[in-house]
Amino acid sequence: MRVAVVGAGVAGLVCALRLQEAGRVCDVYERWPGLGGQAATLEVGQGHRLERYYHHWFTSDRHIVELCEELGVAGAIGWHPSSMAFFVDGRSRAFTTPLDLLRFSPLKLRERLRMGLAVVRLQRSGRPVSDFEGETARTWIEREMGPAAYAKVWGPLLRGKFGSRADDISMAWLHGKLTQRRRLEGKEARKELLGYPEDSFEPLFTALEDRIVAGGGRVLIDRPVTALTQEEDGWTVRSGVEGSFRAGLDPAAFTPRSEGERYDTVVATVPNDIFLGLAGHALDADYRARLGAVEYHTALCLLLELDRSLSPFYWTNVADPALGFVGLVEHTNLVDPARYDGRRFLYVANYVEPGHPLLDLDADALLAAYAPGIAQVNPDFEQSWVRQRWRFVEPAGQPVVTVGYHRTIPPLATGVPGLFLANTTQIYPEDRGTNYAVRLGQDAARAVLGAEVPA
Ligand SMILES: Cc1cc2nc3c(=O)[nH]c(=O)nc-3n(C[C@H](O)[C@H](O)[C@H](O)COP(=O)(O)OP(=O)(O)OC[C@H]3O[C@@H](n4cnc5c(N)ncnc54)[C@H](O)[C@@H]3O)c2cc1C
């Protein structure tokens with residue numbers, strides 16, 4: 001059986017690997033001239049690579065760590081103590097340990113205790129996520145932690161990720177965040193460890209590609225799929241000419257090659273709108289409606305190389321909308337700058353709604369727009385500290401998980417013979433991430449194998 005996998009992100013590469021191990025021949029088509037999708041890397045100079053968007057793993061991320069072990073790249077994972085801060089009321093406040101929470105003066109002591117206890121109670125309760133699907137995170141937080149906790153902490157955090165949809169976000173989403181990532185008691189209570197692979201995520205992607213190629217498959221980068229056509233006995237996959245990625249994301253915008261290729265099965269790992277563009281004609285109305293029901297917020301990320309450190313924290317959540325961005329992620333406060341010959345890297349993170357004016361700015365204009373906000377975090381900051389800068393935009397950066405979201409999740413099997421979808425909208429109730437993309441890729445391979453008609 002020949003399978004075409006659309007997308008060489010984590011889910012696509014893992015799906016192809018597992019199908020190949022089961023004796024199927026896989027070709028992976030990728031629009032971008034590189035591997036890794038949302039976790040893809042770039043060369044930042046002197047042979048060093050970094051992810052376009054900040055990335056780390058939690059100690060609970062077992063699927064991706066097991067995959068690294070299997071591929072022989074786990075030895076390179078460093079586990080580093082995290083340091084977090086909250087920028088609120090004009091300054092950054094440490095927010096790493098339970099003690100930091102007790103010292104968090106924007107809330108009254110009584111409110112801080114109530115907030116911490118609510119998290120511990122939730123973690124201990126062992127209640128299933130289905131108990132939390134009917135209400136918003138806001139309702140739950142205001143009831144269990146009090147209105148001040150929402151106003152000062154959780155509201156700004158949710159607005160950072162989901163903008164105007166913050167008040168509609170399902171408690172099921174927050175339940176996942178609060179219960180899976182880290183416990184406020186036990187071993188990791190005092191010090192959270194975050195994982196990062198020594199030489200970036202690239203060796204993991206290369207190891208996946210090598211296995212796929214060694215098994216007789218192909219990984220075709222800079223080869224976007226432009227159309228999926230259902231045939232009597234399978235699918236024809238048409239792809240675009242080299243350099244098509246410059247035309248954007250819409251499959252209709254790419255110049256197709258003259259010939260298509262035949263496959264028995266197609267697994268697409270692309271966002272919903274792209275999947276609709278490729279195969280919408282073949283899907284039934286219910287499946288199309290599910291795809292259309294999911295909203296995404298765009299990840300807008302400015303990566304800066306600085307000539308010095310900006311702050312003492314790895315991760316600063318910005319709870320003040322006046323700063324114009326939602327987070328600062330100082331990668332070289334997690335990973336030793338010596339690893340990069342002493343160079344310092346900072347991501348300025350944002351999630352915005354489609355069409356937001358910040359999306360029209362190039363890297364220099366974005367830096368100019370953010371500079372006053374960065375200077376609020378460190379008043380000494382000047383643009384002359386910036387040695388290099390890169391801007392990245394991911395329109396499908398964050399599915400917006402509102403109440404009732406679980407009812408709209410499209411199944412892996414589309415209902416059309418030989419056509420499967422595996423993308424970030426199906427990661428639920430956990431927040432999407434590379435760990436769950438591994439699980440999704442494996443689930444998709446199982447779904448393909450399970451649907452095969454015995455010969
Ligand atoms: C800002 C940001 C920060 C993040 N931080 C973390 C983190 O700290 N830790 C973590 O684990 N995860 C993090 N993630 C999430 C993680 O990167 C994703 O969940 C994961 O990489 C998704 O993998 P995927 O394969 O499902 O999808 P994707 O990576 O989106 O892969 C889909 C692929 O399809 C390709 N494609 C699109 N159109 C076509 C076409 N027409 N033909 C062929 N190919 C096409 C795309 O180029 C892409 O490579 C972050 C994501 C973002 C945006």
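Predicted model: local features only at pLDDT ≥ 70, side-chain atom pairs only at ≥ 80, totals over all residues.
1. Where does the shell come from?

2. Helix α1 covers residues 10–21, and helix α12 covers residues 434–451. They pack at an angle of about 40°, with axes 7 Å apart. Angles under 35 degrees would count as roughly parallel, and 65 to 115 as roughly perpendicular, so α1 is oblique to α12. The crossing of α1 past α12 is right-handed.

3. Look at the residues in this helix contact. From α1 they include Val10, Val14 and Leu19, and from α12 they include Ala437, Leu440 and Val448. Arg18 of α1 also takes part. The class count for the contact is 11 nonpolar, 4 polar and 1 charged residues.

4. Next, the domains. The assignment gives domain 1 (2–55 + 201–295 + 402–451), domain 2 (99–180) and domain 3 (193–198 + 296–399). The C-alpha centres of domain 1 and domain 3 are 28 Å apart. Their contact takes 19 residues from domain 1 and 19 residues from domain 3.

5. Which elements of domain 1 give two or more residues to the side that touches domain 3? They are β3 (41–45), β4 (48–51) and α8 (202–214). This side of domain 1 has 11 nonpolar, 5 polar and 3 charged residues.

Conventions. Residues numbered from 1 in each chain as written. Axes fitted to C-alpha atoms, helices over the stretch in contact; angles between N-to-C directions. Helix = DSSP H or I, 4+ residues; strand = E, 2+ residues; numbered from the N terminus. Parallel < 35°, antiparallel > 145°, perpendicular 65-115°, else oblique. Left-handed = near helix turned anticlockwise from the far one by under 90°. Contact = placed C-beta atoms within 7 Å. Nonpolar A, V, L, I, M, F, W, Y, C, P; charged D, E, K, R; others polar. Domains from an automatic or database assignment.
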